[in-house]
Amino acid sequence: MATRVLILQATSDRMLDEIFRKKPTFKEIYPKIDANLIQIVKGIIEIDTNQGIKRKTVEMWTDEEAKLTGKPVNVQATMAYQMYNKKKFGNANRDTINGSVAVIIPNYEQFEVEPA
């Protein structure tokens, strides 16, 4: 099964979308998020499916050094991270995700919208 990778850029609302035949390696993702070290955190995103909007827990691969190097807050990734923490722990957590982020969606085909 293929893996969909969404790159959420910290400096814009643009989102890059790429399909990998298998789960990507850190080495493949480092240049896409401009990182040397990756930290994995969980987040919740909304996916538009043929059965309506579904919330899905996903891995977000983040730049572990982003705060130290002064990269801006990634608003989209921070919201997904806080939504996960609120659901899982009952607390949204005030921490932020900085820099660009890779959202890893394994077996994404099950969420695809069927053509009308």
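## Close-up views of a predicted model

**View 1. Strands S1 and S2 side by side.** Strand S1 (residues 3–8) pairs with S2 in the antiparallel sense, and six bridges link the two; two strands are said to pair if DSSP finds at least two bridges between them. Helices (H or I, at least four residues) and strands (E, at least two) are DSSP runs, numbered from the N terminus. Within this pairing, Val5 has Glu18 in S2 as its bridge partner. This is a predicted model, in which local features need pLDDT of at least 70 and side-chain atom pairs count only at pLDDT 80 or more, while totals for chains, interfaces and linings use all residues. Residues are numbered from 1 along each chain as its sequence is written, and side-chain values use heavy atoms, with hydrogens and water left out.

**View 2. The sheet as a whole.** The open sheet is formed by five strands in the order S2-S1-S5-S4-S3, with antiparallel pairing. Because strand S2 (15–20) and strand S3 (38–49) stand at the edges, each with a single partner strand, one side of each is left without a neighbour in the sheet. On average, neighbouring strands of this sheet are turned by 30° against each other, direction ignored. Strands of a sheet pair through backbone hydrogen bonds, either parallel or antiparallel.

**View 3. S4 and its two partners.** S3 and S4 run antiparallel and are joined by 12 bridges, and a hairpin leads from S3 to S4 through two residues. Ile47 stands opposite Lys54 in S4. S4 also runs antiparallel to S5, to which four bridges join S4, and here Trp61 stands opposite Ala102 in S5.

**View 4. Helix H2 against the sheet.** H2 lies across S1, S3, S4 and S5, and runs at about 90° to S3. For such angles, axes are lines fitted to C-alpha atoms, for helices over the stretch in contact, and the angles run from 0 to 180 degrees between N-to-C directions.

View 5. Ser100 is found in the loop between helix H2 (75–89) and strand S5 (101–106). Ser100 counts as buried because its relative accessibility is 18%, where buried means under 20% relative accessible area, exposed over 50%, and partly exposed in between (1.4 Å probe, protein chains only). Leaving aside residues up to four places away in sequence, Ser100 touches Leu8, Gln9, Ala10, Ile33, Trp61, Asp63 and Asn74; contact means heavy atoms within 4.5 Å.

**View 6. The position of Val73.** Val73 lies in the loop between strand S4 (52–63) and H2, and counts as partly exposed because its relative accessibility is 38%.
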